[in-house]
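This briefing goes through one protein model, topic by topic. Keep the sequence and the structure in view while reading.

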Amino acid sequence: MRKIVLYIAMSLDGYIADKNGGIDWLNGQEENASLPDTYSRFIRNVDTVKIQFTAQDPCILAKRLRKEPGKNIWICGGADIVRQLMRENLIDVYHICIIPVILGDGIRLFNQTANHINLKLTDNLTYNGITELVYERR
């Protein structure tokens with residue numbers, strides 16, 4: 001069965017966008033350094049010919065795609081979609097890039113949840129002050 005993988009960047013205090021929905025803070029965290037192709041590296045591996053747009057409920061779509069043959073299903077951004085998938089316990093892998101900035105306000109990645117989601121750390125990497133953490137659902 002295919003895994004559903006969340007791939008997202010967030011501030012040290014847990015925000016994925018500033019209070020205006022902006023993500024300019026993702027670049028230039030250290031002098032002469034920028035976010036090292038985090039999303040570009042992912043996008044380079046995507047076959048854009050096969051991209052399809054849909055208005056289907058993300059949980060229904062994820063459940064259907066998970067059963068079909070193919071590679072893992074990657075979710076890149078969008079707090080509302082992430083929260084919907086979390087409510088249904090559909091995310092198998094949380095691949096989170098922690099950016100060394102404290103925004104103080106904005107759009108949170110994680111809100112209150114009705115149930116615990118137990119995770120285990122399976123990988124981590126640090127570069128340019130950024131820490132990538134990979135957790136899998138237990």
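The model has an open sheet of five strands in the order E3-E1-E4-E7-E6, with mixed pairing. The model is predicted.

- Strands of a sheet pair through backbone hydrogen bonds, either parallel or antiparallel.
- The edges of this sheet are formed by E3 and by strand E6 (119-127). Each of them has a single partner strand, so one side of each is left without a neighbour in the sheet.
- On average, neighbouring strands of this sheet are turned by 20° against each other, direction ignored.
- E4 pairs with strand E7 (residues 130-137) in the antiparallel sense, over six bridges.
- Opposite Glu132 in E7 stands Cys97.
- Helix H2 packs on the sheet and touches E1, E3 and E7. The direction of H2 makes about 150° with that of E3.

**Helices H2 and H3**

- Two packed helices are described by the angle between their axes and the distance between the axes.
- For H2 and H3, the axes come within 9 Å and cross at roughly 60°. The crossing of H2 and H3 is right-handed.
- Which residues make the contact? From H2 they are Pro58, Cys59 and Ala62, and from H3 they are Ile81, Gln84 and Leu85.
- By class, this contact of H2 with H3 has five nonpolar residues, one polar residue and no charged residues.

- H3 covers residues 79-87, and its buried residues are Ala79, Val82, Gln84, Leu85 and Met86.
- An α-helix has 3.6 residues a turn, so residues three or four places apart point the same way.
- The buried residues of H3 are covered by several elements, including strand E1 (4-11), strand E2 (15-17) and helix H2 (58-67).
- Just after H3, Asn89 takes a positive phi of about 55°.

**The loop between E4 and E5**

- Pro100 lies in the loop between E4 and E5.
- Is Pro100 buried, partly exposed or exposed? Its relative accessible area is 37%, so Pro100 counts as partly exposed, a class that lies between under 20% for buried and over 50% for exposed.
- Pro100 and Asp13 are 87 residues apart in sequence, while in space they are 9.2 Å apart, C-alpha to C-alpha.

How values were computed:
Residues numbered from 1 in each chain as written. Predicted model: local features only at pLDDT ≥ 70, side-chain atom pairs only at ≥ 80, totals over all residues. Heavy atoms only, no water. Buried < 20%, exposed > 50% of the residue type's maximum accessible area, 1.4 Å probe, protein only. Helix = DSSP H or I, 4+ residues; strand = E, 2+ residues; numbered from the N terminus. Contact = heavy atoms within 4.5 Å. Axes fitted to C-alpha atoms, helices over the stretch in contact; angles between N-to-C directions. Left-handed = near helix turned anticlockwise from the far one by under 90°. Nonpolar A, V, L, I, M, F, W, Y, C, P; charged D, E, K, R; others polar. Pairing = 2+ DSSP bridges.
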